[in-house]
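Please look through the sequence and the model below before reading my notes. The points that follow are meant to be checked against them one at a time.

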Amino acid sequence: KFLVGKPRHALMKHLQSNSESSVQQYSRVAIAEARSILYTIDTDTVEEKVKSAIQALTELKGVGPATASAVLALVRPDIFAYMYDEAIESFLPTRTYTLSAYL
């Protein structure tokens with residue numbers, strides 16, 4: 001994420017301020033939520049689980065929906081897409097890094 005798109009130099013300081021235990025805790029919650037998504041459940045339930053997984057990771061300092069989407073896309077690429085700058089611009093008039101823009 002740091003190599004492409006808009007430079008985010010101050011972000012690294014926020015990311016490094018997270019404790020190892022908090023990173024593990026929120027990552028575990030997010031990954032468990034992502035893995036629990038089944039194709040047989042209704043669309044509203046899937047969206048709530050996606051939202052919950054993203055929100056768990058965004059509890060960490062310096063992690064927004066775009067970074068959370070990058071992590072979760074590695075866990076469940078069939079459900080999560082990376083919130084890449086150019087992808088946002090193809091759907092929205094301006095870059096907006098919010099959960100509602102992701103959903």
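1. In which helix is the place of Glu47? Glu47 sits in helix α3, which covers residues 43-57, where helices are DSSP runs of H or I with at least four residues, numbered from the N terminus. The model is a predicted one, in which local features need pLDDT of at least 70 and side-chain atom pairs count only at pLDDT 80 or more, while totals for chains, interfaces and linings use all residues. Residues are numbered from 1 along each chain as its sequence is written, and side-chain values use heavy atoms, with hydrogens and water left out.

2. Glu47 counts as partly exposed because its relative accessibility is 38%, and the term covers values between buried (under 20% relative accessible area) and exposed (over 50%), with a 1.4 Å probe and protein chains only. Together with Asp42, Asp44 and Glu48, Glu47 forms a negative surface patch. Such a patch is made of residues with over 30% relative accessible area and no salt bridge, like charges being joined within 9 Å.

3. The structure holds two salt bridges, a salt bridge being a side-chain nitrogen of Lys or Arg within 4 Å of a carboxyl oxygen of Asp or Glu. In one of them, the side chains of Lys49 and Glu33 meet at 3.5 Å, N to O. This pair links distant parts of the chain, since Lys49 lies in helix α3 and Glu33 in helix α2 (residues 20-35), 16 residues apart.

4. Arg76 and Asp78 also meet through their side chains in a salt bridge, at 2.8 Å, N to O. Arg76 counts as buried because its relative accessibility is 11%, whereas Asp78 is partly exposed, with a relative accessible area of 43%.

5. Ala53 is found in helix α3 and is buried, with a relative accessible area of 0%. Not counting residues up to four places away in sequence, Ala53 touches Ala30, Glu33, Ala34, Leu72 and Phe80, where contact means heavy atoms within 4.5 Å.

6. Leu72 belongs to helix α4 (residues 65-75), and the buried residues there are Pro65, Ala66, Thr67, Ala68, Ser69, Leu72 and Ala73. The cover over the buried residues of α4 includes α2, α3 and α6 (99-102).

7. Arg95 has its place in the loop between α5 (85-91) and α6, and Arg95 is partly exposed, with a relative accessible area of 33%. Arg95 and Asp85 are ten residues apart in sequence, and their C-alpha atoms are 6.7 Å apart in space.

Technical notes
Patches are made of residues with over 30% relative accessible area and no salt bridge: like charges are joined within 9 Å, nonpolar side chains (Val, Leu, Ile, Met, Phe, Trp, Tyr) within 5 Å. Accessible areas come from the Shrake-Rupley method with a 1.4 Å probe; for residues, only the protein chains shown count as cover. Lys and Arg count as positive and Asp and Glu as negative; His and the chain ends are not counted. The place of a charge is taken as NZ of Lys, CZ of Arg, CG of Asp or CD of Glu. Helices (H or I, at least four residues) and strands (E, at least two) are DSSP runs, numbered from the N terminus.
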